Amino acid sequence: MINELPTISKILFVVFIVFLMQALGGYYQIKDYRKAIKRMHKLGNVGIGQKRGKFFNGNIVMIASDNEGIITGAEILDGISFLAKFHPVNEFLDKELVGNSIYSFLEITDEFDKKKRKKYQGWIRALEAIRSRFEGKEL
């Protein structure tokens with residue numbers, strides 16, 4: 001059946017299939033995102049940060065902490081396709097995440113130059129989101 005179609009129709013058919021796969025993949029990624037948020041909220045206050053990549057190097061970071069700013073868990077979504085899923089992360093900058101303070105990581109990241117800040121932008125934004133939540137409570 002496909003062999004009988006003109007070339008332009010074949011190209012449009014392939015584009016349609018790719019579009020459909022992307023839409024389905026996006027749907028499942030959103031479901032996974034919502035599940036990850038629920039998991040992280042069970043661990044405490046959640047900060048979410050995103051680093052947009054041009055093609056392959058983007059990520060979404062979720063960090064949970066208790067009311068004192070001690071990290072209780074972290075997950076990251078990084079990958080090059082719509083099949084990527086959130087997975088737990090135990091270390092950041094060669095330091096154990098769980099049990100350490102968000103403020104200790106923020107002190108380290110405040111020292112980063114522009115290039116390094118861009119590389120870890122998702123992490124920094126997640127940590128800063130938690131800090132701003134705590135600062136908002138104090139006001």
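Guide: Start with strand β3 and strand β4 (residues 86-88): 3 bridges join them, and they run antiparallel. Ile76 stands opposite His87 in β4. The model is predicted: local features need pLDDT of at least 70, side-chain atom pairs need 80 or more, and totals for chains, interfaces and linings use all residues. Numbering runs from 1 along each chain as its sequence is written, and side-chain values use heavy atoms, without hydrogens or water.

Visitor: What makes β2 and β3 a pair?

Guide: Pairing takes at least two DSSP bridges between two strands. Strand β2 (residues 59-65) and β3 have 7, in the antiparallel sense, so they pair. Ser65 stands opposite Ile71 in β3. The hairpin has 5 residues between the strands, and Gly69 there takes a positive phi near 90°.

Visitor: Why is Asn45 called buried?

Guide: Buried means under 20% relative accessible area (exposed is over 50%, partly exposed in between; 1.4 Å probe, protein chains only). Asn45 has 12%, so it is buried. Asn45 lies in strand β1 (residues 45-51).

Visitor: How do you know that the side chains of Asn45 and Asn67 make a polar contact?

Guide: The cut-off is 3.5 Å between N or O atoms; within protein, one must be able to donate a hydrogen and the other to accept it, and sequence neighbours count only through side-chain atoms on both sides. This contact is 3.0 Å, so it qualifies.

Visitor: What puts the buried residues of α2 on the same side?

Guide: In helix α2 (residues 102-110) they are Ile102, Phe105, Leu106 and Thr109. They cover an arc of only 100° around the axis, so they share one side of α2. The arc is taken over directions from the helix axis to the C-beta atoms.

Note on methods. Helix = DSSP H or I, 4+ residues; strand = E, 2+ residues; numbered from the N terminus.
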